[in-house]
Amino acid sequence: MRVHVVSDVHGNSRDLAEAGTGADAVVCLGDLVLFLDYADHSRGIFPDLFGVDNAHALVQLRTARRFEEARELGRRLWGELDRDGASRESVIEEAVRKQYADLFAALPTPTYATYGNVDIPRLWPEYARPGTTVLDGERVEIGGRVFGFVGGGLTTPMRTPYEISDEEYAAKIEAVGEVDVLCTHIPPDVPELCYDTVARRFERGSAALLHAIRTTRPRYSLFGHVHQPLARRVRIGGTECVNVGHFNATGTPYVLEW
């Protein structure tokens, strides 16, 4: 059995269409939408709306952890847009819908997918085709192994669309229970897995996920979210914890075989 795993697609529909080549199934760990590319400030919904200079300024403020100044910049820019008669919500949703139309059409069959923190779950049923199974706090058997899926991220100053409380996230982890492969968007709360060496900050990892790894001991814990982690792979007991990579940048899936 051969499964290809991708995460943090962020608009890369071209490589996503080839992600299933040679695989029996594809697993997608979310973040399909590209709002702002921290490596190329000309790409994404934000620079399309407000220009590259404003995108560059926003990235600088966020990287410096000056979140209130970043929010103030956003409020000013969105306020100007609101005065032109278009609400922030409607503009973002229109742009996301365009990306989802391309990305879901590119997903290979079969694909098992969960949400990332920048995704909008309520829109997925409109775009997921019959060959795509969406799971969140749920399990599925693939090739004789049980895969558990938990999507979304935890609350942060970034205030991305699908952030939930620690309690809600822990409840979904508990609902999944014992599995062979535990698939999440965010990593367990392990410093070297959570630190982004380019953004120069710790992303939020889940303590509940780390506890589940230690107590239920899946063969694998697979995740994304941290684009340039200090460590891509850490072993916790008998579990291989693997960041499957920043698919937007690499275009290459992580390969799982048995």
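1. Contacts across the sequence: residues 24 or more positions apart account for 58% of the contacts in the chain with a separation of 6 or more. A contact here is heavy atoms within 4.5 Å.

2. A word on what you're looking at: this is a predicted model, where local features need pLDDT of at least 70 and side-chain atom pairs count only at pLDDT 80 or more, while totals for chains, interfaces and linings use all residues. Numbering runs from 1 along each chain as its sequence is written, and side-chain values use heavy atoms, with hydrogens and water left out.

3. Overall build: the chain has ten helices and 15 strands (DSSP runs numbered from the N terminus; helices are H or I with at least four residues, strands are E with at least two). Its radius of gyration is 18 Å, close to the 18 Å that the globule rule gives for 258 residues, so the chain is as compact as a globular protein of that length. That radius is taken over C-alpha atoms, and the rule is 2.2 Å times the number of residues to the power 0.38. Along the principal axes, the C-alpha atoms fill a box of roughly 55 × 35 × 30 Å.

4. Buried means under 20% relative accessible area, exposed over 50%, and partly exposed in between (1.4 Å probe, protein chains only). The chain exposes about 11500 Å², with carbon and sulfur atoms supplying 48% of it (Shrake-Rupley method with a 1.4 Å probe; for residues, only the protein chains shown count as cover).

5. Have a look at Arg201, which sits in strand E11 (residues 201-202). Arg201 is buried, at a relative accessible area of 8%. Its side chain makes a polar contact of 3.1 Å with the side chain of Glu203. By polar contact I mean a pair of N or O atoms within 3.5 Å; within protein, one must be able to donate a hydrogen and the other to accept it, and residues adjacent in sequence count only if both atoms are side-chain atoms. Leaving out residues up to four places away in sequence, Arg201 touches several others, among them Tyr38, Arg62, Arg65 and Asp196.

6. Over in helix H5 you'll find Gln99, buried with a relative accessible area of 17%. A polar atom of the Gln99 side chain lies 2.8 Å from the backbone nitrogen of Leu34. Beyond residues up to four places away in sequence, Gln99 touches Leu32, Val33, Leu34 and Ile45.

7. Ala101 is in helix H5 (residues 88-106) too, but is partly exposed, at 37% relative accessible area.
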